[in-house]
Amino acid sequence: MRSKKDPDRSRQAKGNFSRRGFIRGVGIGGGALGTGLLENAAEAAPATAASAGPGPVPITLNINGKPVNLTVEPRVTLLDALRNRLDLTGAKRVCDRGTCGACTVLMNGKSVYSCSVLAIDAQGKAIETIEGIAEPGKLHPVSAAFWNHDAQQCGYCTPGFVMAAKGFLAEHPNPNLEDVEHGLGGNLCRCGTYMGVRQAVLEAARTLKTQGGKNG
Amino acid sequence: MANTPDYSWPPMEARKVIGQSPKRLDGPAKASGRARYSSDLNPKDLLFGVYLTCPHAHARVTSVDTSAAEKIQGVTAVHVVSPAGTEIQWQGTEVAAVAAVTEEIARDAVGAIKVVYEVLPHLVKEEDVAQAGARAKAAGEILKGDPAAAFQQAAVVSEGHYGIPVITHCCLEPHGQTIQWQGDSVWAWPSTQDVTHYAGQLGQNLKVPAANVKVKMDYIGGGFGSKFSPDSWGEVCARLSQKSGGRPVRLFLDRATEQRIAGNRPSAYADIKIGGGKDGTITAWESHSWATGGFTGGGSPPLPYILDDSNHPIPNKRLVHTAISTNTGPFRAWRAPNNQQAAYLTCSAVEDFAAKAGLDPLGVFKLNLQYAPKVRQDLYGYQFDKAAELSEWKKLWKLRGQSAGPVKRGLGLGFSAWGGGGHTSQCNVTLHADGSVQVDIGTQDLGTGTRTIITQVAAETLGLPMAAIKLTIGSNDLPPDNASGGSTTVGGVSASTRKAAVNALAKLFDAAAPALGATADQLEAANGQIRVKGSPSKSLTWTAACKKIGAAGKIAETGINDQRNPSRELISSGTGGVQVADVSVDIETGIVKINRYVAVQDCGLIINPRLAESQVYGAVIMGISTALFERRFMDAATGAMLNADMEFYKLAGIGDIGEIKVYMDIRPENDKRGVIGLGEPPAIAICAAVGNAVANAIGVRVPHIPMTPDHVLDALEGRNA
Amino acid sequence: MQAFEYSNPASLKEATALLAASWGEADVLAGGTDLISLMKDSLHTPKRVVNIKSIHELGGIVRTAAGLRIGATVTMDELARNAEVRAGYPALADAAAGIPSPQIRHMGTVGGDLCQRPRCWYYRQGFGLLAMKEGKSLVTGGENQYHAIFGGGPAYFVSASSLGPALIALEAKVRLLSAKGARVIPAIEFFVTPQDESTREIALRPDEILTEILVLAAATHSATYEVRQKEALDWPLAAASVAIKMKGPVVGSARIVLGHVAPTPWEATAAGEWLAGKNITVETAEAAGKAAVEGAQPLSHNTYKVTLAKTAVKRALLAAAKVRA
């Protein structure tokens with residue numbers, strides 16, 4: 001194929017854009033999960049206001065109310081940081097192009113596609129993932145409603161749907177069916193669970209209201 | 001055991017757990033994000049696998065240079081899948097794979113592999129059979145009666161062209177696995193519809209004894225018929241692990257590759273001619289069909305669908321089929337293979353015939369049930385009437401094209417048949433002396449509710465609440481079960497579980513009988529007790545009864561369903577369904593909206609109505625998605641799949657499906673037949689019903705699925721020539 | 001995705017200093033809904049990515065004497081909800097609200113909407129912006145269901161911008177800033193049809209940042225109508241934005257701009273002029289729709305878009321004039 005993609009694809013960055021720190025910090029032991037695969041922060045260039053990278057950079061993310069330190073290249077998406085570095089695998093990688101919604105998380109309370117956010121760019125924002133919305137062993141009212149209405153089959157889209165629904169209900173506490181259909185237009189399901197999802201979101205709205213609007 | 005135990009289901013009115021709708025057991029795990037799919041696993045020292053795939057539809061690999069990739073720090077293994085000399089027959093074919101300590105490094109390494117191809121001519125499109133040249137191969141002709149004469153004598157003759165495109169499975173969890181191959185042991189965490197047989201197949205590819213391959217899968221993110229084998233990526237992943245010193249490697253396809261090579265439904269196109277009487281009786285059928293399922297061509301869908309019983313078929317027919325080999329990703333089993341195509345082609349042609357005759361298609365379909373299998377004729381008759389009632393057919397249906405205004409409403413019919421049955425399955429039920437109950441079965445839950453169903457059957461049989469049952473599935477250490485395909489899982493596992501539980505209970509009765517002063521055959525299990533039938537006061541609690549288990553400390557019994565000789569007292573096969581689409585078509589935009597969709601489905605004995613309905617809703621929603629949106633776009637010049645994504649490979653969203661009404665036909669005569677799988681049957685007729693509804697609304701046939709604005713407006717504005 | 005240096009400037013001065021004179025060196029990151037995908041597909045391989053979301057002055061919607069100033073990093077969600085936009089510029093609010101995914105509305109920015117690359121599947125598959133192979137367009141002989149019906153080539157992709165048609169109808173301007181200074185150009189001049197692979201479909205230069213949009217204060221009726229098959233996330237198949245200045249009971253002047261039918265938003269000048277002096281009725285709206293698609297040059301598989309464009313114009317006009325069909 002005669003590709004007309006940018007011609008310098010295979011070329012490594014040069015000049016000002018040095019690849020300092022890139023790779024040097026890895027490869028030994030592979031790193032344990034939970035703190036990031038690119039362990040050696042000392043060898044990674046620190047992020048400054050002006051520039052960071054292209055090699056691994058220490059960053060701090062505020063995830064589910066807690067600061068989390070990790071070291072990633074700037075090109076790592078928030079989704080891949082969550083899944084591959086932090087073992088937070090509720091958000092799924094499905095289309096990986098900001099279309100399907102399976103990777104939905106909340107940033108400052110608003111639903112976003114974490115596949116289309118750079119992890120480094122998510123610093124300073126309150127990131128909420130499905131792992132953080134309920135106490136261990138308990139279900140958030142939105143999750144419970146999904147269960148009650150069988151709004152899941154294979155379940156791979158479900159965490160993204162739950163997070164999109166949670167964000168939607170924060171903005172629309174009294175939705176009707178039409179609102180739900182418009183408000184969850186950013187998520188796709190392949191098994192065909194939409195009938196259940198509609199009812200689940202309406203039920204979750206009622207539950208959240210009787211609980212005094214405590215949506216997480 | 002002296003007599004064969006009575007395994008049959010308790011009568012409908014006596015069931016305590018079966019027939020109830022407990023929520024799915026894995027619901028909390030899935031709805032909280034805690035469920036761990038194989039693609040979610042992060043074992044210690046995990047490496048990331050990435051594929052390099054071929055951009056060409058047809059090419060010969062001239063050379064593969066991996067030297068630069070191997071030098072990149074962090075790369076642990078490079079494996080060439082298609083070495084020099086390999087002839088590649090479709091875009092997306094795997095050429096090489098890399099494992100590295102991060103996914104980003106693995107991708108960099110893939111980008112550094114240099115492949116030289118000799119690009120060869122390709123064919124990727126099959127809509128126009130005339131363009132296929134030598135790639136079109138005659139694939140059979142069937143002649144019965146004298147169709148030419150029958151058409152001449154027919155009072156009404158209709159002709160039409162119809163097509164249903166290739167669509168992709170588009171499982172949300174892509175194909176792939178995590179594998180660790182260390183020493184002589186292989187641990188595999190795949191995304192598979194066949195946990196039991198995965199080890200044997202992978203072991204064969206790796207030349208490792210199946211006994212050394214451990215397979216585990218808790219959850220699978222969609223399969224729909226496309227995930228039966230370990231595939232080449234299972235082997236490649238294992239080799240990457242081995243080359244990386246035995247570290248685990250996670251290798252899942254990216255979305256574009258998933259769309260290109262990991263499964264699709266073959267297309268089917270046909271020119272169909274129907275002849276018959278003024279009353280709508282069909283007397284002659286002629287079809288020229290063609291299809292592709294990729295490089296191997298495409299088989300003929302069974303035409304005419306359902307109306308073709310071998311003892312009393314349409315008397316005159318001629319079927320000619322052409323298989324077209326294309327340089328496109330290979331087809332895989334898709335929810336009711338070939339039935340969706342057959343239903344679409346047949347129901348469309350019958351609707352056109354009815355319209356030509358000026359008749360209500362409801363009557364024409366019913367009249368021609370004379371050609372359907374005898375055993376199914378009454379069932380379909382009932383279902384057509386029920387579907388008509390629920391869709392308000394009599395009130396809403398008008399002759400084709402009679403709907404007024406720019407937004408036109410129409411109704412359309414489709415019907416289906418499916419086998420089902422129960423696959424081969426073994427279940428072990430262990431009753432421990434402390435009263436705990438263990439159920440083991442090497443099956444998988446595709447999201448159909450298999451876990452819940454098995455637990456319900458065990459609880460029903462043992463007279464216990466579901467919470468008392470500890471079920472384990474999803475590993476090849478467990479008793480063998482078959483692949484989940486063909487709607488055979490619920491039949492298989494419900495039969496094997498029922499039998500294992502009955503067998504175990506018989507042993508428990510033997511142990512408990514002396515304490516109750518009764519014989520084993522006088523005992524029953526109910527409400528958490530073992531008690532004497534007719535004397536409920538003579539009872540032991542479940543726990544007390546289990547204390548009577550002897551020195552072995554447990555009762556372990558097996559139940560088996562053999563697919564070739566199935567447990568007929570428990571399960572059955574053969575379902576029918578009738579569906580009605582009620583649509584609105586905006587003729588100024590060509591946009592089709594579903595107002596209401598009615599699905600009447602025969603389903604045998606229902607173990608869990610909630611889950612059964614979910615299956616039907618799911619099948620219908622997926623069907624609506626295929627009827628309105630989905631098609632694979634291949635580019636003739638470049639051979640590329642242009643919409644290998646989820647942006648232009650369009651799936652229906654939550655607002656795109658209208659209102660769906662499911663009617664489960666659970667009349668006692670159906671319940672008596674036992675358990676029948678539901679994954680496939682309700683997924684068959686949707687394109688047929690929607691296409692017919694659109695034709696009814698706008699007055700002209702839109703030949704090709706999906707019912708998109710381009711197709712609808714092309715038909716309305718006369719561009720179908 | 002190729003590795004890159006990430007910059008997070010706090011001021012426009014810093015930001016413009018980080019950009020380069022030619023494409024391919026640096027890319028501006030705002031919402032990321034397009035850029036991240038472009039980088040994943042190696043269609044953009046910048047050495048530096050300049051995040052502009054930390055630059056305070058790029059945010060906010062402010063009323064000025066001249067009209068509205070909409071900052072480049074205002075999200076589509078903010079735009080759709082803004083009371084002034086909804087009241088005074090419904091064409092803009094409609095276009096932003098029409099994006100069916102809340103996630104995209106939360107992330108996507110006004111500047112990003114204008115600067116996003118075409119969704120043409122030939123371009124996205126790496127066959128180039130013009131998708132030429134051996135001197136011939138892949139589009140004209142290929143799968144052009146979602147391609148242009150106006151413009152006549154050599155580019156056949158359609159502008160993906162949701163806001164572009166509305167901004168042109170509203171006679172908005174965009175402000176572009178480089179280290180050398182700022183320039184303000186009419187929105188209609190921002191969109192260009194590239195003639196070769198080395199040019200882009202927007203007038204932005206590699207060293208510039210789109211900083212804001214300036215919408216005139218004008219008493220106009222406006223609306224946007226998008227023809228969308230799906231309620232869920234998808235691109236419109238065709239769209240029309242209209243802005244009408246009334247002269248008593250009749251149209252004084254009207255601007256009609258089509259979206260998703262050409263490599264740029266496509267102004268139907270004659271149709272707008274034809275409406276002057278007329279009442280907006282179902283009949284005149286329909287006639288304007290017909291006039292708007294005159295001269296359309298549909299490709300092998302997209303004649304249907306002519307009907308869609310016509311319908312979009314009619315429905316946008318009726319919505320703007322609040323006439324019930």
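I start with C:Glu201. Leaving aside its neighbours within four places in sequence, C:Glu201 is in contact with C:Gln116, C:Arg117, C:Pro118, C:Leu129, C:Phe157, C:Phe190, C:Phe191, C:Val192 and C:Pro194. Keep in mind that this is a predicted model.

Where does C:Glu201 sit in chain C? The residue is in the loop between helix H10, 187-190, and strand S10, 209-216. C:Glu201 counts as buried because its relative accessibility is 5%, and buried means under 20%.

C:Arg117 lies in the loop between helix H7 (110-115) and helix H8 (121-124) of chain C, so the pair ties together parts that are 84 residues apart in sequence. C:Arg117 is buried too, at 6% relative accessibility.

Now the wider count. How many salt bridges does a search of the whole structure find? Over all chains, the search finds 76.

Two of them are in chain B. B:Asp26 forms a salt bridge with B:Arg451, and the closest N and O atoms are 3.0 Å apart. B:Asp26 lies in the segment before helix H1 (27-31) of chain B, while B:Arg451 is in helix H12, residues 450-462, so this pair ties together parts that are 425 residues apart in sequence. B:Asp26 is buried, with a relative accessible area of 3%, and B:Arg451 is buried at 13%.

In the other, B:Glu557 bridges to B:Lys507, with the closest N and O atoms 2.7 Å apart. This pair links distant parts of the chain: B:Glu557 is in strand S25 (residues 554-561) and B:Lys507 in helix H13 (residues 489-516), 50 residues apart.

Some bridges share partners. B:Asp586, B:Glu588, C:Glu286, C:Lys314 and C:Arg315 are joined into one network in this way.

Next, the nonpolar cores. The largest nonpolar core has 143 residues, and the members that touch the most other members are A:Phe146, B:Phe415, B:Tyr597, B:Ile660, B:Val690 and B:Met707. A second, separate core has 77 residues, including A:Leu88, C:Tyr6, C:Val74 and C:Ala95.

C:Asn302 lies in the loop between helix H12 (282-292) and helix H13 (304-320) of chain C. C:Asn302 is buried, with a relative accessible area of 0%. Not counting residues up to four places away in sequence, C:Asn302 touches C:Asn144, C:Gln145, C:His147, C:Ala148 and C:Ile149.

C:Ala97 is in helix H5, residues 90-97, of chain C. With a relative accessible area of 43%, C:Ala97 is partly exposed. Beyond neighbours within four places in sequence, C:Ala97 is in contact with C:Ala80 and C:Arg105. C:Ala97 and C:Asp77 are 20 residues apart in sequence, and their C-alpha atoms are 7.1 Å apart in space.

That is the list; I will take questions now.

Methods:
Residues numbered from 1 in each chain as written. Chains lettered and ligands numbered in written order. Predicted model: local features only at pLDDT ≥ 70, side-chain atom pairs only at ≥ 80, totals over all residues. Heavy atoms only, no water. Helix = DSSP H or I, 4+ residues; strand = E, 2+ residues; numbered from the N terminus. Buried < 20%, exposed > 50% of the residue type's maximum accessible area, 1.4 Å probe, protein only. Contact = heavy atoms within 4.5 Å. Core = buried A, V, L, I, M, F, W, Y, C linked by side-chain atoms within 4.5 Å. Salt bridge = Lys/Arg side-chain N within 4 Å of Asp/Glu carboxyl O.
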